[in-house]
Amino acid sequence: SHDPPFLMRPQEGKKLKKKDLTPLMEKIGKRLGETPDSQYEKVSIDLSPGDRIIFYTDGVTELNNSEGDMWGERQFARLILQSFNDGESLQDSMKTLGENIKSFRNGHPLHDDVIYFMFECAKNKQQAA
């Protein structure tokens, strides 16, 4: 019941735009564990070195500040794309996202879970992500 994760795939000599965010949602089915007899189909995707996937709950995009403004998917997408296009490391991208969420909230209480994490396909055999 959450938004699908996004795949960000580097493109030689090109900055990614919102249209380049690929939602990973091949199959639509019941929520994980919704009923004891739920069945799911396995889907796979080939990843290339430098590909990044970001998972997040709807609490990230539906985050509100004390004025009642919602952070929104547009701001979220802008931030993760900028970080990716600027060549930030996975750790720096996570830090940037966290700092922006904290700054937007400005101490306003959370009303939903705010969970996000990223994976990056290693660029070489020595790198682990």
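Is Asp51 buried or exposed, and what is its relative accessible area? In this predicted model, where local features need pLDDT of at least 70, side-chain atom pairs count only at pLDDT 80 or more, and totals for chains, interfaces and linings use all residues, Asp51 is buried, with a relative accessible area of 2%. Here buried stands for under 20% relative accessible area, exposed for over 50%, and partly exposed for what lies in between, with a 1.4 Å probe and protein chains only. Residues are numbered from 1 along each chain as its sequence is written, and side-chain values use heavy atoms, with hydrogens and water left out.

The protein chain has three helices and four strands, which follow one another from the N terminus as β-β-β-α-α-α-β. Helices (H or I, at least four residues) and strands (E, at least two) are DSSP runs, numbered from the N terminus. Of the 129 residues of the protein chain, 33% count as buried.

The four strands form an open sheet in the order 2-1-3-4, with antiparallel pairing. Strand 2 and strand 4 are the edge strands, each pairing on one side only. Two strands pair if DSSP finds at least two bridges between them. Strand 1 and strand 2 share two bridges, and Leu7 has Thr22 of strand 2 as its bridge partner. Strand 1 (residues 6-8) is joined to strand 3 over three bridges, with Ile54 in strand 3 as the partner of Phe6. Strand 3 (residues 52-56) in turn meets strand 4 over five bridges; here Ile53 stands opposite Phe119 and Arg52 opposite Glu120.

Asp51 itself belongs to the loop between strand 2 (22-23) and strand 3. Beyond its neighbours within four places in sequence, Asp51 is in contact with Leu7, Met8, Arg9, Pro10, Asp46, Phe119, Glu120 and Cys121. Strand 3 is mostly covered, as four of its five residues are buried.

Helix 2 (residues 72-85) lies across strand 1, strand 3 and strand 4, at about 30 degrees to strand 1. Helix 3 lies across strand 3 and strand 4 and runs at about 160 degrees to strand 4. For these angles, axes are lines fitted to C-alpha atoms, for helices over the stretch in contact, and angles run from 0 to 180 degrees between N-to-C directions.

Strand 4 has a covered face, made of Tyr116, Met118 and Glu120, and an uncovered one, made of Phe117 and Phe119. Phe117 is partly exposed, at 36% relative accessible area.

Finally, Asn106 sits in the loop between helix 3 (90-105) and strand 4 (116-120). Most residues other than glycine have a negative phi. Asn106, although not a glycine, has a positive phi of about 50 degrees, and at 62% relative accessibility it counts as exposed.

How values were computed
Contact = heavy atoms within 4.5 Å.
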